[in-house]
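Hi there,

Here is the structure I promised to pass on. Please have a look at it first, and my notes follow below.

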Amino acid sequence: MRHLVVLIASLLAGGAALASPPAVPDGQFMAVCYHDVRDDVVGGRDADPYAVSTRRLVAWFDWMRANDWQPVSLQQIVDAREGGRPLPENAVLLTFDDGLASLYSHVFPLLQAYDYPALFALQTGWLETVWAGDTADYASETFADADEPLPPGTVAYNDRPLGADGFLTPGQVREMQASGLIEFASHSHDLHRGVLANPQGNEQPAAITRRLDPETGEYESDAAFRQRIRDDLRQSRDAIESITGRSPRAIVWPYGAHSREVDAIAAEVGMPWSFSLGGTPINHPGAAGFSRLLITDDPPPVAIAGEARAADDQPVNAPSPQRAVHVDLDYIYDPDPDQANANLGVLLDRIKAMQVKSVYLQAFADPDGDGNADALYFPSRHLPMRADLFNRAAWQLRTRAGVRVYAWMPLLAFDLPDTEQKQRLSVTHLDAEGHAVPSTRDYRRMSPFLPESAEIVGDIYADLGRAASGIAGVLIHDDAYLAEDEDASACRPEARWPGRDESLADCRLSPEAKTRALIDFGRVAIERLEYHVDLSNDFRTARNLYARVVLDPGAEARFAQSLPAFLDAYDEVAIMAMPWLDGTELPADVWLDELADAVEAQAGGFDGVVFELQARDWRGEGRWIEAETLRDWMEQLVRRGVLGLAYYPDDFLNDRPRLGPTREGLSLNAFPHRR
């Protein structure tokens, strides 16, 4: 019978072999994520973009067999991880989400015929609702038409009511479990939905979002959030165990959204194997979590297999063009929420038209323009909140403009409300009489050598992660520097820095030690942030660097900054390629060429470097630079081989710099790069 099914499947699928197929890297596996399987799916035009046709699923199974790709079980991956038998060549993990009826009617017979193992993820809240014939308490929150209540025994699935005939039955689950081909994972009990994430009404993934109570205006506490996630996963675990007799050991996160925080909770309740979406679908068995390729629009086998080739051909941290606009959230803010929302709409339209990859978005409030954070645009325990605006703006930019959002944050320049505390933690230098006094040059900074500073800044970064878990990165502000005669706080008994056994003369560390101290101080803060952010977003770190440090390597002593050290520490280094801010008397194009020469000499190329140009000349009246000039600078740098470009500032409310020429220089769809 099995051979008959395979024969029929092959005839339905048509030819599937390729002359030169891609390959999964040795010792690794490719994970793919399916949902519904139907006979009548029309690729690219179906109402459900996640559904695939039976014909195309057969074609994929047939292609794997013809090209010696080997579907593997989760147990084989665990064995390889623990030093057992290595994975076979071209290993593939087949996963199917949501527990839909087609997993039994369409998928299971094919798995039996081909003798392919798979991982099925069950959303137990949906199953319990349809099995019991109850009305789900949460279903109306995700149903498209709030005026049309769901009938009893149905749940909202892809904005339509779906009842018991759309899902697996307990008997079917047990039968598939007994076959030995299927392992069941949790897809949560009640996390496959959005929860209120900000006062403006955005709903974001329940598994990583602190829920806002609209009645009180308060967000979930850490304890309440973690207990909600823990209770949900326990409920799902117990439901699956009651049906199958086995407790699930894998969590397949809804929407792929997860963080280190919730992964730890899942492991605590017995599910240490974590699956998400996004990023490369090629995984090493020893990884902390596994990513999957989301199958959409009924693709042919070559499109699926091509993802393995793309991942294999793309080295880790391979150069890729960065195009970013550096945006002040202060321009969006308005005391009138309706006006703030209108301002945000103008920004969204501009960013979509600009066709860039990223936005460096201000997360702190600086209304007086001195570079210090007077307040924040997210709730925090240490600074006042000017408005709860950052998460809203970041989410809208991500979902409506399609860009990666980096939170632009100070590292040291936080104006703490407590004046005594601010003075006590300040960066200091020695005055003429040898006394340590606070430094007030340019930025008012907290000393990176004091443990209390590290705790406060770490708390602020953690608060940012809680408030905006969907961000894709962080850009550290240009406040992270130390002048040659700073920081005398390193002499204090409680001071800490890398290599603390270094002897101090006149309370001064070497430039290299101060550079390393600032990097390590930032790393601690970023780790606190990363604990809460969505891991499926491929979180990246970036840091501003003064151009003078690149042009004059001896300037490390005056800034405690270094291009080679930064390239080792961060994913991106955003050099402030701003000739008239640097104070040069050279023509701007000559200065930019010299800067590019210096970067290439020190870095061996331009990988990981973003040239952040100035759109405004702050000398005198602070005139805006002509957009054509900005475009010419960008094209000059691209001709030199520069991959990363950005500019600051952007007055989107008044179209400065003008969109047309700026887009010509910056857009990934323009000279000379194409998507």
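Which residues of helix 15 are buried? They are Ala 513, Lys 514, Thr 515, Ala 517, Leu 518, Ile 519, Phe 521, Gly 522, Ala 525, Ile 526, Leu 529 and Glu 530. Buried here means under 20% relative accessible area, with exposed over 50% and partly exposed in between (1.4 Å probe, protein chains only). Helices (H or I, at least four residues) and strands (E, at least two) are DSSP runs, numbered from the N terminus.

Before going further: this is a predicted model, in which local features need pLDDT of at least 70 and side-chain atom pairs count only at pLDDT 80 or more, while totals for chains, interfaces and linings use all residues. Residues are numbered from 1 along each chain as its sequence is written, and side-chain values use heavy atoms, with hydrogens and water left out.

Back to helix 15. The partners of its buried residues are helix 9 (260-268), helix 14 (451-467), strand 23 (473-476), strand 24, helix 17 (556-559) and helix 18 (563-569).

With helix 14, the axes come within 7 Å and cross at roughly 35 degrees; axes are lines fitted to C-alpha atoms, for helices over the stretch in contact, and angles run from 0 to 180 degrees between N-to-C directions. On the helix 15 side, Phe 521, Ala 525, Ile 526, Arg 528 and Leu 529 make the contact (heavy atoms within 4.5 Å). Helix 14 contributes residues including Ser 453, Val 457, Tyr 461 and Leu 464.

Phe 521 also turns up beside Ser 447, which sits in the loop between strand 22 (436-438) and helix 14: Ser 447 is in contact with Phe 521 and, among others, Ser 453 and Asp 487, leaving aside neighbours within four places in sequence. Ser 447 counts as buried, because its relative accessibility is 0%. Its side chain makes a polar contact with that of Asp 487 at 2.5 Å (a pair of N or O atoms within 3.5 Å; within protein, one must be able to donate a hydrogen and the other to accept it, and residues adjacent in sequence count only if both atoms are side-chain atoms).

Asn 537 is buried, at 11% relative accessible area. A polar atom of the Asn 537 side chain is 2.8 Å from the backbone oxygen of Gly 470. Beyond its neighbours within four places in sequence, Asn 537 is in contact with Arg 398, Arg 404, Gly 470, Ile 471 and Ala 472.

Best wishes
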